Amino acid sequence: MNHGDVGRIWDENAAAWTRLTRMGCDVLRDYVNTPAFLEMLPEVAGLRGLDIGCGEGHNTRLVAGKGARMTAFDISRIFVQQAHAYERDLPLYISYLRASAVELPFAAEAFDFAMATMSLMDMPEHERVMGEVHRVLKPGGFLQFSISHPCFATPRWKWILDEEGNRIAMECGDYFQELHGEMEHWIFSNTPAELKDELPEFHIPRFTRTLSAWMNLLLDAGFAIERLDEPCASDEALARQPTLADSRVIAYTLIVRCRKA
Ligand SMILES: C[S@@+](CC[C@H](N)C(=O)[O-])C[C@H]1O[C@@H](n2cnc3c(N)ncnc32)[C@H](O)[C@@H]1O
């Protein structure tokens with residue numbers, strides 16, 4: 001599956017994805033991943049930043065709110081239209097465009113930093129993508145990204161439940177088998193029942209690699225790894241969203257910051 005096919009599939013997901021995320025159904029993003037991502041992000045005020053696979057722009061807006069001058073792109077035309085519409089209504093001076101991470105339409109050394117939230121594992125050709133990100137960063141610039149955790153979002157996985165049906169462990173397998181666009185079908189578990197009937201499930205092509213393959217990808221592209229995080233729900237988040245209890249059983253996501261020498 002190539003990046004054009006991936007873009008067409010995400011165009012089909014975009015309307016429901018935006019509707020549900022703007023309603024607050026992506027509780028893992030809102031209560032765990034994004035707070036941890038922002039906590040780990042260095043000072044960005046006044047810096048030129050690039051958001052890779054920005055979707056409808058939720059996280060781009062949060063980083064722009066920290067004073068960064070953001071450019072953001074996505075391969076899905078629909079997501080970019082939705083991000084533009086938000087920007088027209090509530091301007092944060094973010095420049096959105098449709099592009100693919102495998103061939104970036106920017107000059108070398110154009111950005112002080114790049115970010116990618118939960119997008120890199122959804123795209124093919126990781127070597128080309130990392131080469132492109134490295135090219136458009138200034139020397140000393142950083143890339144910070146989150147991905148589904150390679151050790152738990154394996155090609156084969158299953159929750160282990162206790163007698164009451166609580167998730168207490170995960171069985172993972174086929175770790176060394178790389179996926180190249182095989183599809184996953186799901187919808188946010190917090191989607192209201194009436195919308196679950198109305199909205200189609202998302203179809204998400206997956207591109208997996210092992211933890212060491214991800215790290216070596218960064219090193220081979222010329223990055224030095226600087227900081228890692230595997231966020232889980234805080235006590236406060238858990239009190240507000242009890243469904244996040246399983247985020248304390250396994251690490252759903254891995255956040256990495258690396259820097260161009
Ligand atoms: C799970 S969504 C994450 C969106 C957003 N970053 C967020 O955190 O809400 C993954 C995104 O990656 C985008 N994507 C996939 N392949 C891409 C590519 N080659 N170039 C740019 N974006 C891509 C998809 O269109 C989708 O918007």
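Modeller: α1 is the top contributor to the shell around the ligand, giving four residues. Helices here are DSSP runs of H or I with at least four residues, strands are E runs of at least two, and both are numbered from the N terminus. α1 (3-22) and β2 (69-74) each bring at least two residues to that shell. Keep in mind that this is a predicted model, where local features need pLDDT of at least 70 and side-chain atom pairs need 80 or more, while totals for chains, interfaces and linings use all residues. Residues are numbered from 1 along each chain as its sequence is written, and side-chain values use heavy atoms, with hydrogens and water left out.

There are 22 residues around the ligand, and Gly53, Asp74, Ala101, Thr117 and Met118 come nearest; being near takes a heavy atom within 4 Å. By class, the shell has eleven nonpolar, eight polar and three charged residues.

Now for the N and O atoms. Ala101 has a backbone N or O atom 3.0 Å from a ligand nitrogen, and a polar backbone atom of Ile75 sits 3.3 Å from a nitrogen of the ligand. Asn59 uses its side chain instead: an N or O atom there is 3.3 Å from a ligand oxygen. On its own the ligand has 600 Å² of accessible area (Shrake-Rupley method, 1.4 Å probe), and the protein covers 96% of that.

Technical notes. A polar contact is a pair of N or O atoms within 3.5 Å; within protein, one must be able to donate a hydrogen and the other to accept it, and residues adjacent in sequence count only if both atoms are side-chain atoms. Ala, Val, Leu, Ile, Met, Phe, Trp, Tyr, Cys and Pro count as nonpolar, Asp, Glu, Lys and Arg as charged, and the others, Gly among them, as polar.
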